[in-house]
Amino acid sequence: MEEPLRIHERCLTVCEVATRLNVNQETARRLFMEEPGVLVIYRPRKGRRQYRTLRIPEHVFQRVVTRLTKTT
């Protein structure tokens, strides 16, 4: 189920997420690329490489960190 967009919530860049998690930027990008709630900004370009920009809302970051650090 999709979450409502929180307009006034701060969004993090991939670089900021990588710094907070102390991981490589590509690792951070892979962690969040398919995560619900992440804003993926791109413009389709026929026959060319497509560049995607990710913006990760704070609540999505917290949810993923909680899920990844949960111990059973």
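**Overall layout and confidence**

- The protein chain holds 3 helices and 3 strands, and along the sequence they follow the pattern β-α-α-β-β-α.
- Along its principal axes, the C-alpha trace spans about 45 × 30 × 20 Å.
- Mean pLDDT for the chain is 88, and 92% of the residues reach 70 or more.
- Confidence is highest in helix 1 (residues 14-21), at 97, and lowest in strand 2 (residues 39-42), where the mean is 90.
- A friendly reminder for the remaining residues: where pLDDT is low, the predicted coordinates should not be read in detail.
- Of the contacts between residues at least 6 apart in sequence, 51% join residues at least 24 apart.
- The accessible surface comes to about 5,900 Å², and carbon and sulfur atoms account for 52% of that area.

**The nonpolar core**

- Of the chain's 72 residues, 22% count as buried.
- The largest nonpolar core has 12 residues in all: Leu-12, Val-14, Val-17, Ala-18, Ala-28, Phe-32, Val-38, Leu-54, Ile-56, Val-60, Phe-61 and Val-64.
- At least two residues of this core come from each of helix 1, helix 2 (25-32), strand 3 (52-57) and helix 3 (58-69).

**Helix 1 and its buried side**

- Which residues of helix 1 are buried? They are Val-14, Val-17 and Ala-18.
- These residues lie on the same side of helix 1, because they cover an arc of only 100° around the axis.
- Their cover includes strand 1 (11-12), helix 2, strand 3 and helix 3.
- Ala-18 is in contact with Val-23, Asn-24, Gln-25 and Ala-28, leaving aside neighbours within four places in sequence.

- Just after helix 1, Asn-22 takes a positive phi of about 60°, although Asn-22 is not a glycine.
- Asn-22 sits in the loop between helix 1 and helix 2.
- Is Asn-22 buried or exposed? With a relative accessibility of 71%, Asn-22 counts as exposed, because that value is over 50%.

**Salt bridges**

- How many salt bridges does the structure hold? There are 6.
- Glu-35 meets the side chain of Arg-63 in a salt bridge, at 3.1 Å from N to O. This pair spans 28 residues, from the loop between helix 2 and strand 2, where Glu-35 lies, to Arg-63 in helix 3.
- Glu-35 also meets Arg-67 in a salt bridge, at 3.0 Å from N to O. Here the partners are 32 residues apart, with Arg-67 in helix 3 and Glu-35 in the loop between helix 2 and strand 2.
- Salt bridges that share partners also join Arg-10, Glu-16, Arg-20 and Glu-58 into one network.
- Why does Glu-35 count as buried? Its relative accessibility is 10%, and buried means under 20%.
- Arg-63 is partly exposed, with a relative accessible area of 25%, and Arg-67 is partly exposed too, at 46%.

Technical notes: Residues numbered from 1 in each chain as written. Predicted model: local features only at pLDDT ≥ 70, side-chain atom pairs only at ≥ 80, totals over all residues. Heavy atoms only, no water. pLDDT = per-residue confidence, 0-100. Helix = DSSP H or I, 4+ residues; strand = E, 2+ residues; numbered from the N terminus. Core = buried A, V, L, I, M, F, W, Y, C linked by side-chain atoms within 4.5 Å. Buried < 20%, exposed > 50% of the residue type's maximum accessible area, 1.4 Å probe, protein only. Contact = heavy atoms within 4.5 Å. Arc of directions from axis to C-beta. Salt bridge = Lys/Arg side-chain N within 4 Å of Asp/Glu carboxyl O. Areas by Shrake-Rupley, 256 points an atom, 1.4 Å probe, with all protein chains shown as cover.
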